[in-house]
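Let's take a walk through this structure together, one stop at a time. Have the sequence and the 3D view handy as you read.

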Amino acid sequence: MPADAVTAQFNNVARYESLMDVVRDRMTNRAFAPSDIPREHFEMILEAARHAPSGANAQPWHYIVVRS
C-alpha cells in the first residue's frame, strides 16, 4: 500500500474514532438550567446548523428559537 494510502487510511480511522468518542459520550438533557443563554450562543448554533449538509443541497429545514 502506498504511503499516501496508509496516511489516508489512518486519517479516516482517526476521524471515525473522534466521531465515536462524541457519540459514546453524548448525554441527554432531562432538565434545563434556568439561566439566560447569551444571544451570541444562539447565533453560533444557528450558524453551524446553517452549514449542515442536506440531500441535493436542498436545505429543507427552518429554525425557530424560543427564548421563554
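## A walk from helix to pocket

Start with L46, which sits in helix α2. Keep in mind as you look around that this is a predicted model.

Along the chain, 17 residues separate Y63 from L46, and their C-alpha atoms are 7.9 Å apart. So how does a pair with that kind of spacing in sequence look elsewhere in the model? A14 and A31 are also 17 residues apart in sequence, yet their C-alpha atoms have 33 Å between them. A14 is part of helix α1, and with a relative accessible area of 33% A14 is partly exposed.

How many salt bridges does the model have? The count is 3. One of them joins the side chains of D21 and R24, with 3.7 Å from N to O. D21 and R24 are 3 residues apart in helix α1, which runs over residues 3–25, so about one helical turn lies between them. D21 is partly exposed because its relative accessibility is 41%, while R24 reaches 52% and so counts as exposed. The cut-off for exposed is over 50%.

Now hop back to helix α2, which covers residues 39–50. R39 pairs with E43 in a salt bridge, and their closest N and O atoms are 3.0 Å apart. Both residues are in helix α2, 4 residues apart, or about one turn of the helix.

Helix α2 has another pair to show you. The side chains of E47 and R50 form a salt bridge, at 3.0 Å from N to O. E47 and R50 are 3 residues apart in helix α2, again about one turn. Both come out as partly exposed: E47 has a relative accessible area of 38%, and R50 has 49%.

N57 isn't a glycine, but its phi is positive, at about 55 degrees. Q59 isn't a glycine either, and its phi is also positive, at about 45 degrees. You can look for N57 and Q59 in the segment after α2. N57 counts as exposed because its relative accessibility is 55%; Q59 has 36%, so it is partly exposed.

Further along that segment after α2 comes S68. Is S68 buried or exposed? With a relative accessibility of 93%, S68 counts as exposed. Now trace from S68 back to D36: the two are 32 residues apart along the chain, and their C-alpha atoms are separated by 9.4 Å.

D36 brings you to the last stop, the largest pocket. What lines it? The lining residues are F32, A33, S35, D36, I37, F42, V66 and R67. Sorted by class, that lining has 5 nonpolar residues, 1 polar residue and 2 charged residues. The space inside the largest pocket comes to about 170 Å³.

Note on methods:
Residues are numbered from 1 along each chain as its sequence is written. This is a predicted model: local features need pLDDT of at least 70, side-chain atom pairs count only at pLDDT 80 or more; totals for chains, interfaces and linings use all residues. Side-chain values use heavy atoms; hydrogens and water are left out. On a 1 Å grid over the protein atoms alone, a cavity is a set of points where a 1.4 Å probe fits but cannot get out, and a pocket is an open set with protein on both sides within 12 Å along at least five of seven lines; lining residues have an atom within 4 Å of a point. Grid points are joined across faces, edges and corners, and a volume is the space filled by probe spheres set on the points. Ala, Val, Leu, Ile, Met, Phe, Trp, Tyr, Cys and Pro count as nonpolar, Asp, Glu, Lys and Arg as charged, and the others, Gly among them, as polar. Helices (H or I, at least four residues) and strands (E, at least two) are DSSP runs, numbered from the N terminus. Buried means under 20% relative accessible area, exposed over 50%, partly exposed in between (1.4 Å probe, protein chains only). A salt bridge is a side-chain nitrogen of Lys or Arg within 4 Å of a carboxyl oxygen of Asp or Glu.
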